[in-house]
Amino acid sequence: MSQQFDPSLVRQSYRCELVEELRSTGSKVVGDVTLLIPKSLGFCWGVDRALAMVQEARVEYGARPMWLISSIIHNPRVNADLRDQGIGFLRGEYSLESAWENLSENDVVIVPAFSATVEDMDHLRDRGVAIVDTTCPWVIKPHKRTLRYVKEGFTTVIHGTVGHEETEATCSLILSEGGHFVVVYSIQEAECLAAFIEGEANTDELVGSLRSGSFSLGFDFDVHMQHLGVINQTTMLASESRAIGERLRVALSNRDGEAELENNFRDFDTICRATQDNQDAAAVVAEKNPDLYLVVGGYDSSNTKNLARVGQRLGVPSFHIEGPHCLGEQIEYRHRSSGEILQRGDWLPSVRPLSVAFSAGASTPDTLLGEVIERLLELS
Ligand code: SF4
């Protein structure tokens, strides 16, 4: 399978003139509504690449049955488009029963941009399927770094989400090499870890304050908290990742002394460029204090969730929505902390002129963002 790809294959199919115009101008006044858009938003290089590789594989493998493990990226619209093209799903809502167990040499399986676990890759190799590996090179960066930590005898602290495919893949890689990990989701969870390191919390308190599945199997708190190396799931909030690294550095310094940090602490920024660019650009727009800030992307998309947090941190009324169907008399949105999908009225400010800022996750097609903008204009 060629690693070359043609992003225009993807960009053409999800092209939206309104979004292109806004991208080049940054803003547009329509009636008494000002639309604001950040310099960087939407599809990233890794998503373009993954989708283009799928299209190339369809040509290369012709009529052979083609499968996705669960989804190619975290966007329902894009996954539905692939389903319409006849690509099957091995796991999740649209999967066929026993398809995973019954894979054979005639099948083609697409590994998603966020990678797959060691166990899943072993299964695919055992079944002899043709593998189209679209793992984003940015995702390989934390993999390489954690292998180095394992080799040095360090426990990996992952700023990530338990259950997210990318973090699951990283955890399985660490375990397969005989290493250990702790996953922390937020600065609050990192504080709990720091309190334990500084002797201010015991094991039960620490385990109780982190999510189930945060520690590797067989984690020994006396042994595996001595040497720590930090990495990030590529799509986390960059400012929070930096704060977590710094908090753990201070905790180890408090416990063992500054001079020991060279021997017991490592920190390596593995946030991807697209995530960083989208967050920085979203902050610039949110700082203009729009009356409303809408972030468009799949509810399970990590980078979209963090784009929504950028607005909330700056005190702008912000909503993470999945598409135009979320906007009506009520708004459907994902709650930032609980993750619940909620509805509420009175979401559209009555002030005129009205300024509305938008952003979109790295897996959100321009067409979907364009439909959201059109819907907003209709309603206002
Ligand atoms: S968000 Fe970053 S890590 Fe994920 S696919 Fe895009 S470029 Fe790769």
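**From one bridge to the wider fold**

Modeller: V109 has I131, in strand 6, as its bridge partner. The model is predicted, so to speak of local features requires pLDDT of at least 70 and side-chain atom pairs count only at pLDDT 80 or more, whereas totals for chains, interfaces and linings use all residues. Residues are numbered from 1 along each chain as its sequence is written, and side-chain values use heavy atoms, with hydrogens and water left out.

Strands (E, at least two residues) and helices (H or I, at least four) are DSSP runs numbered from the N terminus, and two strands pair if DSSP finds at least two bridges between them. The pair is part of an open sheet of four strands, ordered 4-3-5-6 with parallel pairing. Strand 4 (88-89) and strand 6 (130-133) each have a single partner strand, so one side of each of these edge strands lacks a neighbour in the sheet. Helix 5 (residues 118-127) packs on the sheet and touches strand 5 and strand 6, where contact means heavy atoms within 4.5 Å. The direction of helix 5 makes about 145° with that of strand 6; axes are lines fitted to C-alpha atoms, for helices over the stretch in contact, and angles run from 0 to 180 degrees between N-to-C directions.

Elsewhere, helix 2 (residues 17-25) packs against helix 14 (residues 366-379) at about 90°, with the axes 8 Å apart. Helix 2 and helix 14 are therefore roughly perpendicular (65 to 115 degrees; under 35 is roughly parallel, over 145 roughly antiparallel, the rest oblique). Helix 2 contributes L18, V19, L22 and R23, and helix 14 contributes D366, L369, G370, I373 and E374. By class, this contact has five nonpolar, one polar and three charged residues (Ala, Val, Leu, Ile, Met, Phe, Trp, Tyr, Cys and Pro count as nonpolar, Asp, Glu, Lys and Arg as charged, and the others, Gly among them, as polar).

As for open space, the largest pocket holds about 390 Å³. Its lining has 24 residues, and S70, S71, H74, N79 and D300 are the closest to its centre. Helix 4 (residues 76-84) gives the most to this lining, with four residues. On a 1 Å grid over the protein atoms alone, a pocket is an open set of points with protein on both sides within 12 Å along at least five of seven lines, a cavity is a set where a 1.4 Å probe fits but cannot get out, and lining residues have an atom within 4 Å of a point.

Notes
Grid points are joined across faces, edges and corners, and a volume is the space filled by probe spheres set on the points.
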